[in-house]
Amino acid sequence: MKRLLSRLLEALITLWLLATLCFVLLRAAPGGPFDTEKSAPPEVQAALAAQYRLDQPLIAQYGAWLGDVMRGDLGPSFQYPDYTVNQLIAQALPVSALNGGLALLLALLLGIPLGVFAALRAGKWIDRSLMLLAGLGLAIPKFVAAPLLVLLFAVTLHWLPAGGWGQWNNLVLPVIALALPNIAYCARLTRVSMLETLSADYLRAARARGFSETRLLFSHALKPALLPVVAWLSPALINVVTGSAVVEQVFGIPGMGRYFVQGALNRDYTLVLGVVLVVGALIVAINALVDALRGWMDPRLDQ
């Protein structure tokens with residue numbers, strides 16, 4: 001219980017520091033949410049500033065916003081006046097979660113078997129070929145991979161739509177674009193970890209006792225070899241979340257990343273802060289879950 005409370009306190013302090021830093025940086029950036037209204041009469045500009053508390057001192061704005069957040073109210077959106085930030089995030093979060101979850105699942109389903117297969121064929125041409133492809137997957141950024149996928153599968157081959165949302169085939173290209181670097185990294189990480197595990201003393205002893213290679217692999221080597229992959233899940237999920245901003249913009253997907261980019265461009269303070277807080281809370285929760293999973297796979301980590 002003491003450890004749980006300590007982690008909860010650390011999570012709350014982390015989120016508070018994240019929100020405060022984001023609040024300060026947004027207000028320090030040039031421009032404002034109603035710069036396009038500069039041609040409006042002064043009384044209209046004053047009414048808008050009063051409606052969104054922009055006429056108050058900065059510390060008063062921060063205190064009022066933080067109080068609303070503690071009550072679960074992320075405030076109104078400046079650029080989407082018919083919606084609150086809570087409503088926009090409630091619409092966007094399932095979209096981003098679906099894309100990111102499928103991308104990470106695809107990365108694990110392909111990366112782990114490819115890494116194990118490369119480790120079992122270490123030094124051979126298939127191992128070198130797979131690692132060469134993995135290196136290319138890591139080298140190509142998402143903002144390059146996404147347009148290339150559109151050009152190949154949508155424009156040239158006409159197999160899949162170039163964007164949009166609502167049909168199953170709208171998921172294919174965004175998920176692949178998000179998954180490609182994670183597949184490459186997962187395969188490389190699994191290969192290195194599996195090679196280290198296969199050379200461990202206890203596996204050599206088990207092999208000397210006559211255990212089959214299949215039993216050695218699935219009963220003795222796979223679980224410890226996957227510990228680094230489980231530890232990688234936290235940065236992998238963060239990578240998926242941050243990469244979704246680019247991918248959702250390219251494919252026109254109404255997710256968290258797209259709202260974050262639009263909110264930043266339009267100086268929609270409350271929308272950007274709301275997205276940052278929700279994503280930060282998800283990352284904190286994911287880190288806690290991954291730590292628990294690692295502790296279950298290797299109890300020595302909790303000692």
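Residues are numbered from 1 along each chain as its sequence is written, and side-chain values use heavy atoms, with hydrogens and water left out. Because the model is predicted, local features need pLDDT of at least 70 and side-chain atom pairs count only at pLDDT 80 or more, while totals for chains, interfaces and linings use all residues.

Me: Why is His158 called exposed?
Reply: A residue is buried under 20% relative accessible area, exposed over 50%, and partly exposed in between (1.4 Å probe, protein chains only). His158 has 62% relative accessibility, so the residue counts as exposed. His158 is placed in the loop between α6 (142-156) and α7 (172-198); helices are DSSP runs (H or I, at least four residues), numbered from the N terminus.

Me: What makes the phi of His158 worth a remark?
Reply: Phi of His158 is near 60°, a positive value in a residue other than glycine. Most residues other than glycine have a negative phi.

Me: Why is the pair of Tyr185 and Trp232 called stacked?
Reply: Rings of Phe, Tyr and Trp (its six-membered ring) pair if their centres lie within 6.5 Å; planes under 30 degrees apart count as stacked, over 60 as edge-to-face and the rest as tilted. A search of the whole structure finds 7 aromatic pairs. In the pair of Tyr185 and Trp232, the centres are 6.0 Å apart and the planes stand at 20°, so the pair is stacked. Tyr185 lies in helix α7 and Trp232 in helix α10, so the pair ties together parts that are 47 residues apart in sequence.

Me: Why is Trp232 called buried?
Reply: Trp232 has a relative accessible area of 7%, which is under 20%, and therefore Trp232 is buried. Tyr185, with 39%, is partly exposed.

Me: How do you know that the pair of Phe153 and Trp159 is tilted?
Reply: Among the 7 aromatic pairs, Phe153 and Trp159 have rings 6.0 Å centre to centre, with 45° between the planes. Trp159 itself is exposed, with a relative accessible area of 60%.

Notes: Helices (H or I, at least four residues) and strands (E, at least two) are DSSP runs, numbered from the N terminus.
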